[in-house]
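Hi,

Here is the structure I promised to pass on. Have a look at it first, and my notes follow below.

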Amino acid sequence: MTNETRDELQLPEEISIVNIGEWKDKFTDLLESSASISINAADLTRVDTAAVQLLVVFIKELQSQNINFEWQSRSAELDKVARQLGLASMLQLESA
């Protein structure tokens, strides 16, 4: 077992097409600098299809780069939208 530091990613109240570019940049920075990430999405109360798609790409990149991650906390809205879009398993929400 290693003593690696886990970076914490605090998601905002809203990720949507309006601010998706900003979050893409933040996710890219984390992919370049993190070995382990804890995602807190408890405050995420407004999430659209574009945001869920971005999160799917982020999770897939974490997996492809062998970066450990966990959902520290999630909002009911994220779970609901991901399920409606059929993407909950791709976000690993079912096992979290």
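Let me start in the sheet: Ser36 has Asn68 in β5 as its bridge partner. Before going on, note that this is a predicted model, where local features need pLDDT of at least 70, side-chain atom pairs count only at pLDDT 80 or more, and totals for chains, interfaces and linings use all residues. Residues are numbered from 1 along each chain as its sequence is written, and side-chain values use heavy atoms, with hydrogens and water left out.

**The sheet**

β3 and β5 run parallel and are joined by six bridges. (Strands here are DSSP runs of E, at least two residues; helices are runs of H or I, at least four; both are numbered from the N terminus. Two strands pair if DSSP finds at least two bridges between them.) On the β1 side, four bridges link β1 to β3 (residues 36-41), again in parallel. Among the pairs there, Glu8 has Ser38 as its bridge partner, and Asp7 sits opposite Ile37.

Put together, that gives an open sheet of three strands in the order β1-β3-β5, with parallel pairing. β1 (7-10) and β5 (68-74) are at the edges with a single partner strand each, so one side of each has no neighbour in the sheet. On average, neighbouring strands are turned by 20° against each other, direction ignored. Helix α1 (residues 20-33) packs on the sheet and touches β1 and β3 (contact means heavy atoms within 4.5 Å). The direction of α1 makes about 170° with that of β1; axes are lines fitted to C-alpha atoms, for helices over the stretch in contact, and angles run from 0 to 180 degrees between N-to-C directions.

Six of the six residues of β3 are buried, so the strand is largely enclosed by the rest of the structure. Buried means under 20% relative accessible area, with exposed over 50% and partly exposed in between (1.4 Å probe, protein chains only). Ser36, Ser38 and Asn40 point one way, while Ile37, Ile39 and Ala41 point the other. In a regular strand the side chains alternate between the two faces of the sheet.

**One serine to look at**

Ser75 lies in the loop between β5 and α3 (76-84), and at 6% relative accessibility Ser75 is buried. Leaving aside residues up to four places away in sequence, Ser75 touches Ala41, Ala42 and Leu44. A polar atom of the Ser75 side chain is 2.4 Å from the backbone oxygen of Leu44, and a polar atom of that side chain is 3.1 Å from the backbone nitrogen of Leu78.

Cheers

Technical notes. A polar contact is a pair of N or O atoms within 3.5 Å; within protein, one must be able to donate a hydrogen and the other to accept it, and residues adjacent in sequence count only if both atoms are side-chain atoms.
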